[in-house]
Amino acid sequence: MRTEYAGELTEDSLADDWLSQFATWFADAVESDVPEPNAMLLATASADGRPSARTVLLKGYDQRGFTFFTNYESRKGDDLAGNPRASLVFPWYALHRQVIVLGTVEKIAREETEEYFAKRPRSAQLGAWASPQSSVLRSREELERRFADAERRFGDGVIEPPPHWGGYRVTPEEVEFWQGRPSRLHDRLRFTRHGVERLAP
């Protein structure tokens with residue numbers, strides 16, 4: 001199965017900084033109706049180097065980096081506690097594009113978590129309390145019972161974020177913009193702390 005890629009990314013067309021370039025490409029993905037354009041692959045590794053990867057949703061980005069939210073007691077949370085580095089990949093296949101990020105990770109301020117959590121649908125707020133993410137469950141029914149318990153616990157009241165739930169920010173050290181080209185001669189331009197460099201495809 002082969003697809004002949006089409007596109008172009010040159011040094012002349014590249015923005016002056018990774019943030020501006022990402023904003024342009026992200027807008028292109030949204031306007032092109034790419035399914036869930038904010039979906040990104042998050043790769044982490046444990047303190048002893050065991051890798052794991054999963055898809056999470058980007059919830060914000062600025063000059064400080066890329067933000068996502070999760071259960072701090074999940075597998076990714078355990079990985080990041082022992083090895084606070086990660087890679088992100090935005091796989092915009094329909095546009096023959098990828099953005100690849102390598103950086104350090106830290107928890108965001110609790111105030112930022114609370115502000116975001118308040119905007120979530122109530123069912124998602126309850127789910128954050130109900131799910132012991134990455135833990136083994138005896139059955140689907142156990143998860144549904146936990147959700148029902150959370151509904152009874154909070155009733156119609158305000159739901160605050162669980163203490164074990166919150167945001168992380170990936171601060172980039174490198175951001176690569178990958179554009180597919182014919183003959184597999186892809187354009188790969190990478191922002192680093194020292195400038196921009198072109199990589200062989």
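Let's start with helix α2 (residues 75-82), in which Lys76, Gly77, Asp79 and Leu80 are buried, where buried means under 20% relative accessible area, exposed over 50% and partly exposed in between, with a 1.4 Å probe and protein chains only. Seen down the axis of α2, these buried residues fall within an arc of 160 degrees, so they line one face of the helix; the arc is that of the directions from the helix axis to the C-beta atoms. Asp78 and Ala81 sit on the other side of α2 and are exposed. The buried residues of α2 pack against β1, β2 (51-57), β4, β5 (85-92), β6 and β7, with contact taken as heavy atoms within 4.5 Å.

A word on the basis of all this: the model is predicted, local features need pLDDT of at least 70, side-chain atom pairs count only at pLDDT 80 or more, and totals for chains, interfaces and linings use all residues. Residues are numbered from 1 along each chain as its sequence is written, and side-chain values use heavy atoms, with hydrogens and water left out. Helices (H or I, at least four residues) and strands (E, at least two) are DSSP runs, numbered from the N terminus.

Now to strand β7. This strand spans residues 165-179 and is mostly covered, with 13 of its 15 residues buried. The table lists its pairings; two strands pair if DSSP finds at least two bridges between them.

| Partner of β7 | Sense | Bridges |
|---|---|---|
| β4 (residues 65-71) | antiparallel | 6 bridges |
| β6 (residues 97-107) | antiparallel | 11 bridges |
| β8 (residues 187-192) | antiparallel | 5 bridges |

Asn71 has Trp165 of β7 as its bridge partner, Glu106 stands opposite Arg169 in β7, and Phe177 stands opposite Leu189 in β8.

The largest nonpolar core has 29 residues, of which Phe22, Phe90, Trp92, Val99 and Phe177 touch the most other members. Such a core is a set of buried Ala, Val, Leu, Ile, Met, Phe, Trp, Tyr and Cys residues joined through side-chain atoms within 4.5 Å. Two or more residues of this core come from each of α1, β1, β4, β5, β6, β7 and β8, and α1 gives the most, with 5 residues. Another core lies apart from it, made of 11 residues, among them Ile108, Phe117, Leu126 and Trp165. Neighbours within four places in sequence aside, the contacts of Phe177 include Trp18, Phe22, Trp25, Val99, Leu189 and Phe191.

What does Gln179 touch, not counting residues up to four places away in sequence? Among its contacts are Ala6, Leu9, Trp25, Leu95, His96, Arg97 and Asp187. Gln179 lies in strand β7 and, at 2% relative accessibility, counts as buried. The side chains of Gln179 and Arg97 are joined by a polar contact of 2.9 Å. A polar contact is a pair of N or O atoms within 3.5 Å; within protein, one must be able to donate a hydrogen and the other to accept it, and residues adjacent in sequence count only if both atoms are side-chain atoms.

Finally, two backbone angles deserve a look. Most residues other than glycine have a negative phi. Glu36, although not a glycine, has a positive phi of about 40 degrees; this residue is in the loop between α1 (18-31) and β1 (39-45) and, at 53% relative accessibility, counts as exposed. Ser134, also not a glycine, has a positive phi of about 75 degrees. Its place is in the loop between α4 (122-130) and α5 (140-154), and at 53% relative accessibility Ser134 counts as exposed.
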